[in-house]
Amino acid sequence: MTPATQRAVEGICQAYQAIIVDFTAERLHIAVAETPSHALMAELRFATHCPVEVECWPRAKLEQFNVKGSISASVTAEGTLEQYGTAVEIINALLIQALQKRASDIHIEPQKDSLRLRLRVDGVLQQLPCTGVENSAPLIARLKILASLDIAERRVPQDGQFSLVLNDNTESFRLSTLPTRFGEKAVVRLMQSDSHTIALENLGMPSPLLKRYREALARPQGMILVTGPTGSGKTFTLYSGLSWLNIATRNLCSVEDPVEIPLEGVNQTQIHAKSGLDFHRVLRALLRQDPDVIMVGEIRDGETAEIAVKAAQTGHLVLSTLHTNSTTETLVRLGQMGVPGYLLASALKLVIAQRLVRKLCPHCRQPAQATSHFPPHIWPGTVQNWQAIGCERCFSGFYGRLPLFELLPVSARLQNALAKSAPPEELTEIARQQGMNTLFVEGLHCVNRGETTLEELTRVAGGSDE
């Protein structure tokens, strides 16, 4: 078996999303998720001239093998970067593994005498084997070149973004570097690049809540805010709303840092602070562009908040995000930013708070002891808890993530309370009387249905403070 044959077979398997389990001169052993196509088998037989054995594996097992096998194939215990591949090849392999494992971030972290590689999958960091790679500098230099950053500057943080064609698909990434004790650390964020999956139906929002979201989007003016910590799915919810509104009779404009998902038909502007193109300046310019819908990537300060609120009062629908923990906390935060209550009362139409919890593997989950220590107004009776066991189909008992939503429509009663700058306790009580379920209560429904565990819910959404 020649190196050329090896590369040809690897290329064929990569194109058809197959895994090489074993490859010798006598046989080729591969694994696939579904029945292999005739084209795949024909190409492999032509390239190898030997018998081809095929196994069907669960998708999670393929992902696990990808991470453990393919990275190690590029960088083995006996080799170094120079011997077993260039930094270009290793970065490409790392990006491919991250995509295959559904990772949201890649962490490249220099240690005292080694290098640590980690992927954030379903919100939790997992370490990758990277034996033989001890120097992060070539890898980070390659990433900086891709992102058009200064490779000679290692003393200050840098940010950039880039796109690469991997497995015949154009994928987008965001790069952030930071000087640390043992050298530069890099974090690569994997961006959502498939605009076809951006749809309200794909949000995973329960039907009654989805109806309220659609009703708010159908308004000719007003403000919709989506809140939550980093990595809670806010961007996806906003883009889903934009996608639903995106028709030829509307002018949709956005100001973002950066543009995370390119949407055809939307005028997307990326801020550039170094040249003076900040949120305030772009937002003011957008108001002169005859917009129907304006999306502000994030409200970060009082000036942006004030411009956005006034735009929502002057005939525009404004969508934005804010970093708060709950819907009622959002109302308080905007007041702290300097937005008067009477302005907020007339502009704000809907607040959505959300989180992502890991989803239990249905093949290996097991019932745990039922829990009944919640106050009756939160959950009457018992909640059936579950255990994450772990099997070949999943990762530690979980596979994928599940969204939790807390929706607060701004009713007339809530408007009056906002206009008179009511305290947070009064706003929370009004929201409860309107029938709003908190994130924790929505999560308890998911626990009771066997979709996640109480421990996972508490980790992500916190406990019940009431």
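Biologist: Where's Ala 368 sitting?
Modeller: Ala 368 is in the loop between β16 (366-367) and β17 (386-387). Helices (H or I, at least four residues) and strands (E, at least two) are DSSP runs, numbered from the N terminus. Keep in mind this is a predicted model, where local features need pLDDT of at least 70 and side-chain atom pairs count only at pLDDT 80 or more, while totals for chains, interfaces and linings use all residues. Residues are numbered from 1 along each chain as its sequence is written, and side-chain values use heavy atoms, with hydrogens and water left out.

Biologist: What does Ala 368 touch, leaving out residues up to four places away in sequence?
Modeller: Gln 384, Asn 385, Trp 386 and Gln 387. Contact here means heavy atoms within 4.5 Å. The C-alpha atoms of Ala 368 and Gln 387 are separated by 5.8 Å, though these residues are 19 apart along the chain.

Biologist: And how does Ala 368 count on relative accessibility?
Modeller: Ala 368 counts as partly exposed because its relative accessibility is 22%. The cut-offs are under 20% relative accessible area for buried and over 50% for exposed, with partly exposed in between (1.4 Å probe, protein chains only).

Biologist: Switching to Arg 358: buried or exposed?
Modeller: Buried, at 16% relative accessibility. Arg 358 lies in strand β15 (residues 348-360). Not counting residues up to four places away in sequence, its contacts include Asp 122, Glu 451, Glu 456 and Arg 459.

Biologist: OK, the nonpolar core. How many residues in the largest one?
Modeller: The largest has 39 residues, and those with the most contacts inside it are Met 223, Val 255, Leu 331 and Leu 348. By nonpolar core I mean a set of buried Ala, Val, Leu, Ile, Met, Phe, Trp, Tyr and Cys residues joined through side-chain atoms within 4.5 Å. Helix α10 (residues 302-313) gives the largest share of this core, six residues.

Biologist: Which residues does Met 223 touch, again skipping those up to four places away in sequence?
Modeller: Among them are Ile 299, Ala 308, Val 309, Ala 312 and Leu 348. There's also a second, separate core of 29 residues, which includes Ala 103, Leu 119, Leu 146 and Phe 173.

Biologist: New topic, helix α1. Which residues are buried there?
Modeller: Val 9, Ile 12 and Cys 13. Down the axis of α1, the buried residues fall within an arc of 95°, so they line one face of the helix. That arc is taken from the directions from the helix axis to the C-beta atoms. They pack against β1 (19-23), β2 (28-32) and α2 (38-48).

Biologist: What's on the face of α1 turned away from the buried side?
Modeller: That face carries the exposed residues Pro 3, Arg 7 and Ala 15. Just after α1, Gln 17 takes a positive phi of about 55°.

Biologist: Where is confidence lowest?
Modeller: In helix α4 (residues 81-84), with a mean pLDDT of 38, while strand β10 (residues 222-227) is highest at 97. pLDDT is the predictor's confidence in each residue, from 0 to 100. Over residues 70-84 the pLDDT is below 50, and beyond near neighbours in sequence this stretch has 30 contacts in the model.

Biologist: And what's the mean pLDDT of the protein chain?
Modeller: The mean is 87, with 92% of residues reaching 70 or more.
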